[in-house]
Amino acid sequence: MLNKILKTNEFIVFMILVGLSIVVGAINPAFFSLATLFDTLRGSIVYFIMAFGLLPIMISGGVDISFVAIAAVSSYATHMFLISRGYQGGVFLYFVIACVIGILMGLLNGILVTRFKLPVFDVSLATYTMWFGFNLFFIGATANFDLPKGTIGYYANFLLTVKDPFAGTTGLHESILYVIAIGLFMWWFLKYTTIGRGVYAIGGNRDVAIRSGFPVNRIMLIIFGIMGFMSAIAGVTMAFLSRNFNPVIFINQPLDVLAAIILGGAAITGGRGTVVGTTLGVLLIQVINRALILTGIPVEWQRLVVGVILILFTSIPALRERRMKRIGHTTEITQPG
Amino acid sequence: MTEEILRVENISKRFGGVVALNNVSMSVAKGETCCLVGENGSGKSTMIKIISGVYTPDEGDIFIGGNHYKKLTPIESIREGIQVIYQDFSLFPNLTVAENISINQQLASGKQFIKWKDINRIAEEGLARINISVPLDVTVETLSTADRQLIAIVKAVLADARILIMDEPTTALTQKEIASLFKIIDDLKSRGISTLFVSHKLNEVTEIADRTVIFRNGVKAMDQDAKGLDVKTMEFYMTGRKIETESISFGKVDITSEPLLQVENLNLKHGYFDINLELKPGEILGITGLLGSGRTELALSLFGVMPADSGKISVQGKEVKIRSTEDAIGEGIAYVPEDRIREGLFLDQSINDNIVVGIIDRMVSRFGFLKNTQKRIEGENWIKRLELKTPTGALPAKSLSGGNQQRVVLAKWLAENPKILILNGPTVGVDVGSKADIHELIRSLAREGLGILLISDDIPELMQTCHRILLMRGGRIAEEFKREEITENQLNTELIGASAVNG
Amino acid sequence: MEPKPAKTSMVNRGLFSMRPVVAQIDRQTILLLGVFVALVAFFGFTRDTFLTERSITSMAFQLPEIGVLALAMMIPILTGGINLSVNAISNLGAVLAGLFLVKLVPQEVVSAQPALYVLLAFSIVLVIGVVTGIINGLLVGYIGVPPILATLATMTFFTGISTGLTGGKTVTGFPDQVGYIGSESFLTIPIPFIIFVLVTVLTYILLFQTSFGFKTRMMGSNPTASMFSGVNNRTVIMRVYIVSGIFAAITGILVMSRTMSAAIEYGSTTYVLLTILICVLAYIVPGFGNVFNMFLAVLILQVISTGFHMVLLGVRGSSFFKDFSWGVLMILIFIINYFMRGKKAQE
């Protein structure tokens, strides 16, 4: 049993995470502080949420990039609507309205994919382009800092606060609770529901999933709905944490979220991926980002380092797979079907 | 015998103008192993699809366990206990054994939530029913083909199968695995589960069948107790003609001639060790061995797919380096893969392009441009020579019938005009009639002076084509036989005996 | 990139390698041509300024950048791959050439022989295209990294080099000769447009008149079969990414010359996605690609962009309406394709 855990992809990513943290901590002890931990978590919150929402799509074998557009439109449109009505209440109504919009937008992708038998990526490319254009043209083209009274203090709703000699006063934001709730929900959904197993089945072999009697189209619609829902939460949370609503929020981030999920062990071809792995993948990217700052690598060279790390991270599994294939080549080549 | 489980009466099925089945009746008794035999297009797959409810017959009646159906839906068929094991096994490679086995129960129960305890319990029960053990928590993609097939059988048994329909189940199995599959079929029989075994490997049919049914051109050509039925008789009923095995003419090999291909001390880690062999012009050299004996790796190395780690390969006395398939074709070596359609054909591309792909570098002008006209003419020439039925070579290969697609692949390697031809399982999945034709083609190519390496575990095939046969075991050439000095039975014993060594 | 389920139904696509350019016309061409004519007619009627020489010239100056970049995207897609690093390559090339002109060589040396040094700078861009192509080719072809991941990684890596060398600042202060390509016309035709047409023709020749192109398309259709047919898949992949890199580099030269600057983030992710969008519009799938459709798709995007800009002149955020309409158009074309394919399947 233990031996099996040691061989899982999650464990490898976890070890890399630990190793990296030790190295960075050795170079700069400031890394091992609550302040850094809280900051890292705060920086990761929205990525966790978006990655959890995207994960089922990836497992089913699709690659989507439109989730960032959903986050942007659902949050920004909700805000502009509420502001125009003179809303002064709290954040709850924001989440409710944005989630409804997000789910509808997710379902649109799902309908296009299932009804017209289109590749997920192609559809998401179209809706990505369309929704950002929609947001900028029909809703508004500039960031809006005019927050309702009831929401102003939200960004500092800390569960815990610490005073840190380097970072000043900082804390653990309550939205970490959403992340935990969403993470647990997705873990349960993927592992303990028939639909969740259906997601893996579709990614493993779509035709067999249909033949076995999985309601494939319904499953796809559900996971697109989930994706829209999560994106909306991420969008609203991000806006409140940064205290402004931006029509092009995350516009350049879709590939970053994809990369985090893949680092966490999801296969680009579908069938594989876990909530634990995704969590580690998101954390890994955040820790790398912190590490670059804390180890004193000049800002302008940080992206290069990330690039090198990404190349290594994608090459090593590929090389390993090639070796495995070589050993078991016979079965690959001679056995049909 | 005992009670009948399935009976079809006077079934006819037409597709457009083509009659696939014409007034066919057959039955399967409880606990019987019934073999359904016939060439491609004889109607056996249509019959399977009618029994499993995929097709509705135009005329005729279906009786299952006393219930009468004019037409049958797939769900009714499953409810009546008919389970088809398709060649792809209908499994999810990324899910565990336990989940694959119990997924149907989970879906059938309509439960929205998963209890992993139940999943494992169902799987354990299933495995226990056919008395095999496979670890429950490994993913199916890590299993061998034989194990995957077992999982598929377990799934079927768990679905309360009364009749198990297996479509060419032995294609990708080793001798040993086939033997254990047969044991399982016997075991099922003792519990009263019938098997409808579809195959055209006649020696297997003689081994397993209680009763054999042969279809030819949509009609039942024979239906009798399998006892005392020999391969020759079955071939006669399948093809409607006697297959002449006596009149084989083997080309003469000039022993003194310079070898076409010479391999010295060739090694590949995890593949084969210390291989030495020689191939003379006009010679057909068989290489046999069980799956995992290194025969396929050796062939792939000679063709540059898995370049050897060390050793020497010479073509016509000149040492050559073969690091890629491009190198190999450049040295006049051609390779015909086992799965010719999947590994040999570009279904979406034009017939012409399929034919010239191996020789495209010979169709480039001095300035580096393709000679498109020459390309077209070459393609059209082969279409004429091989009598392909197509209005134009510009149509995609998938517009052709299966047999014509095979000919396109044939044209492709003939167009390469090779000196050395490596054939991997040239008649796997080919029916008896065409098999003889392919064997004659191989012999005639050798008579023209080609050197041929034939990789196969079909012993009659080796005996009917090869001059010499090499037996590989655990990555080494264990023995060499001359065809005149060994019988089919001896070779069979040697091949099976190898399994003791391989484990 | 997703495998396209539709690719098998494009029966008539097998034809065009036989005959010359005429055979480049397929169903998608007719569809795109229809859309193009409809759009031009619509904008022509609603705005007098649309079909004027000035507006056409300005479109011809703008579209070549994205057009050439889309061709850089098209070739890897033909093999079943993708190249997300195209824009990073073009910016890296421009940045390095810019630094060469502005920082590396003393100003007085450059101004003594500006034409020579500008040519040298452009050659640097092309060399960068080749080098970055080799890196992508190694990762995809030899190490076996899935193309979408490999080029995602190199996208960050290449941009990282540009960022590091410039500190994130835009490089400016080029000699005037750099701007020659981007601002001049030859016989009233803008030079960038001529370059775009030349690269399009070159792509056509590469794909349909050379054995490299033939192997590329065959490999895209069935890589296992191509390997058994003596195609060296690795070398083909390597060459594919080198060509892609060179085309991306040409875009770098066009951008550098038109804007007289080199910025690390020029175009950014949006440009990459736009090139994929063009390929999807032009129905580029592994094994099959029509260069003429690519050309039409680029024209369509530009017409939409310029057209709506004119129609919505003075409306707040008008320049963003084009993005919206691109997305809508793409969805419409998907749906039209679906019904056209559906009909075909029933026949």
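**Close-up 1. Surroundings of Arg211(B) in the predicted model.** Leaving aside residues up to four places away in sequence, Arg211(B) touches Ser27(B), Val28(B), Glu32(B), Thr33(B), Cys34(B) and Cys35(B), together with Asp223(B), Gln224(B), Asp225(B) and Ala226(B). All of this is seen in a predicted model rather than an experimental one. Arg211(B) itself belongs to strand E9 of chain B, which covers residues 211-216. Is Arg211(B) buried or exposed? With a relative accessible area of 15%, Arg211(B) is buried, because the limit for that class is under 20%.

**Close-up 2. Strand E17 of chain B and the covering of its two faces.**

**Close-up 3. Strand partners of E17(B).** Which strands are joined to E17(B) by bridges? Strand E16 of chain B, residues 333-336, runs parallel to E17(B) and is joined to it by 4 bridges, and within this pairing Val336(B) has Leu423(B) as its bridge partner. Strand E18 of chain B, residues 451-455, also runs parallel to E17(B), here with 5 bridges, and Leu421(B) is partnered by Ile452(B) of E18(B).

**Close-up 4. The contact between chain C and chain A.** In this view, 55 residues of chain C meet 48 residues of chain A. The size of an interface is often given as the accessible area lost when the parts come together. Between chain C and chain A the buried area is about 4,500 Å², and carbon and sulfur atoms give 77% of that area. The count of salt bridges between the two chains is 0, while 2 residue pairs, both at pLDDT 80 or more, are in polar contact.

**Close-up 5. The side of chain C that touches chain A.** Helices of chain C that each supply at least two residues to this side are H5 (114-143), H6 (147-166), H12 (268-281) and H14 (321-346). The largest share, 14 residues, comes from H6(C). Sorted by class, this side of chain C holds 35 nonpolar, 13 polar and 7 charged residues.

Conventions. Residues numbered from 1 in each chain as written. Chains lettered and ligands numbered in written order. Predicted model: local features only at pLDDT ≥ 70, side-chain atom pairs only at ≥ 80, totals over all residues. Heavy atoms only, no water. Contact = heavy atoms within 4.5 Å. Buried area = accessible area lost by both parts, 1.4 Å probe. Salt bridge = Lys/Arg side-chain N within 4 Å of Asp/Glu carboxyl O. Polar contact = N/O pair within 3.5 Å; in protein donor to acceptor, adjacent residues only side chain to side chain. Nonpolar A, V, L, I, M, F, W, Y, C, P; charged D, E, K, R; others polar. Pairing = 2+ DSSP bridges. Buried < 20%, exposed > 50% of the residue type's maximum accessible area, 1.4 Å probe, protein only.
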